[in-house]
Amino acid sequence: MQFHIDGFYPGDPRFSDPQDRVIAPPLKRPLPAEVDVLIVGCGPAGLNLAAQLSRFRDIRVAIVDQKDDRLLVGQADGIACRTVEMFQAYGFADQIIQEAYQVNEAAFWKPDADKPNQIARSGKVQDVADDLSEMPHLIINQARVHDMFLDVMRQGPGKIEPHYQRRMLGLEVDPEGGEYPVTVRFERLVNYSQYTQEVETVKARYVVGCDGARSSVRKAIGQELVGDALNQAWGVMDVLLNTDFPDIRLKALIHSNNEGNMLIIPREGGYMVRLYIELDKLRENERVARDQMTPQVLVAGANRILKPYSIDVKQVAWWSVYEIGQRITTAFDDSAEGRPARVFLAGDACHTHSPKAGQGLNTSVMDTWNLGWKLAHVLTGRAAPELLETYSAERREYGQALIDFDREFSAMFSAKPKSAENPDGVDPAEFQRYFQLFGQYTAGVSIQYRPSSVVGKGEHQDLAKGLTVGKRFHSAPVVRQADAKPMQLGHCIVADGAYRIFAFAGNATPMSDQCGVRALCAFLQNDVNSPLKKYTPAGADPDAVIDVRAVFQPHHQSVETSDIHPVLAPQKGKFGLRDYEKVFCVDNRPESSGGGKNIYDMRGIDKEKGCIVIVRPDQYVAEVLPLDDHAGLSRFFQQVLIEA
């Protein structure tokens, strides 16, 4: 899509008239007195958590923010491949992909060897490696991501709307517990012409602080951000411009000789560009002189770095100045000896880092993507409260690893190029190699959670070498048996809080007496130890808690719908309608028709034996088991779910 040609306007670009993009201001409503989950902060972490919890009709949720209304412009813009995979679970990945700029290549520029005061291109690299993800690396205004989450929140059974204009005054946790152990007080500005303070009190079972780097929730539970600042200042601006710089529509990383460094990020719409411009190195304990900074100063700095090229800025849509600092909290919750956590932290409230690696928004939403289903399972009685202990254990380790990476990446990006005059500088070629080496990290697909109650030990990993226990389920192409639809297998993992059992068949004829998938289905249907029988509540759909799917190796036309076991064709809803979308086959289409990609080959699945892959509600592989290990399947769910 191309838009912004006549200037930047916030909102949905599919409306040609900017006035039609305006959304009515939120309704002024009092806060509820009691809730199951209170979310403080309407940033990406908070909205993602609310979107997940909105899928559960019986969970009462309130989300509050100090702002007057929804975000319209600016802030984060980079969306990692892993985050787009998460968007797919909500159903809005396609719209985001259509609107966004897709990062395909990155260009590297360094001082010209013959003219050191000018820059020259040193190389171009593929931004996302082949088969890293089925999803692209995207650039889009964070406000549009917020809009998508807000739609999910409104449309879900929980029907969640934010409460704006609330500033937190205090938070207290009753050490004796009780049904609603957390009490939070807010002040509300109710009259603009005459300042009137209205104080509201909310009691909650759980509170999640998603209220940014200056988090009031974090301070209230006695946690603090610890770490070091790098004393580096950068200006950032979204602009509409004309230029003779040849890589303006590529992600470009630029090292100049004496004028600093710059990162160019093309924005959505085809015309807008984000510029990250290095400012002078700060002295110890020095802050950016914001009152002396203007868009004109930043543009002048960009033109000095870009010589012999230049930019002619027509409109500045948004700009800011920030200082880099990498910090992380001492803990991600308020748990103490003998007392379970009731207050959690997510996003910038518990870790901060520079934006140049594009991990701020992406890491924040992954925090609450990890926490949301766990809260839902505890509040709906599917799991014991001990499940919540895995949130801090899993996410804090990754948060620290991200900060370590970000510190090194930022230092390399900000360093002067290596030269005869500066022998201790960074070799631009080495920086380019570093960028490629850590492609999985910046794409968000390198996370691997350690063994725990919700992550197995991977003793049978050889059965599916490319679906690593503890890492996200790496999708691959299949063909849906019932309607011959080519699709990605991972796209049937939706944000509904259910576990998935993927049964990859061995080489036996599908649904024959020798078929391991048929034997597994018989166990799940009839055995007293079947996880389906033990954990599915009475009256719920058969796949409400554990969703069973199968993949066969023969051509989809050789598998008859009438032979499919009832576990793979459950009857659902008030009319008991049959679900035909649980069975898949290898994509045996010829390459000329877009096929030729065998999921067994791509993900190292044993073609003779097959296997079971258990996937958590947040799309991470929980365990890989032999296809006939019915007892192992029962043991896994016995430690993560409570009998209905």
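I began with a bridge and noted that Val613 has Val624 in S26 as its partner. Strand S25 (residues 611–615) pairs with S26 in the antiparallel sense over four bridges; pairing requires at least two DSSP bridges between two strands, and strands are DSSP runs (E, at least two residues), helices likewise (H or I, at least four), numbered from the N terminus.

I recorded that this is a predicted model, in which local features need pLDDT of at least 70 and side-chain atom pairs 80 or more, while totals for chains, interfaces and linings use all residues. Residues are numbered from 1 along each chain as its sequence is written, and side-chain values use heavy atoms, without hydrogens and water.

I then traced the open sheet, which has seven strands in the order S19-S18-S24-S21-S20-S25-S26 with mixed pairing. Strand S19 (485–488) and strand S26 (621–625) are its edges, each pairing on one side only.

Next I looked at helix H11 (residues 516–526), which lies across strand S20 (499–504), strand S21 (546–552) and S25, and runs at about 165° to S21; angles run from 0 to 180 degrees between N-to-C directions of axes fitted to C-alpha atoms, for helices over the stretch in contact, and contact means heavy atoms within 4.5 Å.

Last, I checked helix H1 (residues 44–53) against helix H4 (residues 142–155), and found an angle of about 20° with the axes 8 Å apart. H1 and H4 are therefore roughly parallel (angles under 35 degrees).

Key:
Parallel < 35°, antiparallel > 145°, perpendicular 65-115°, else oblique.
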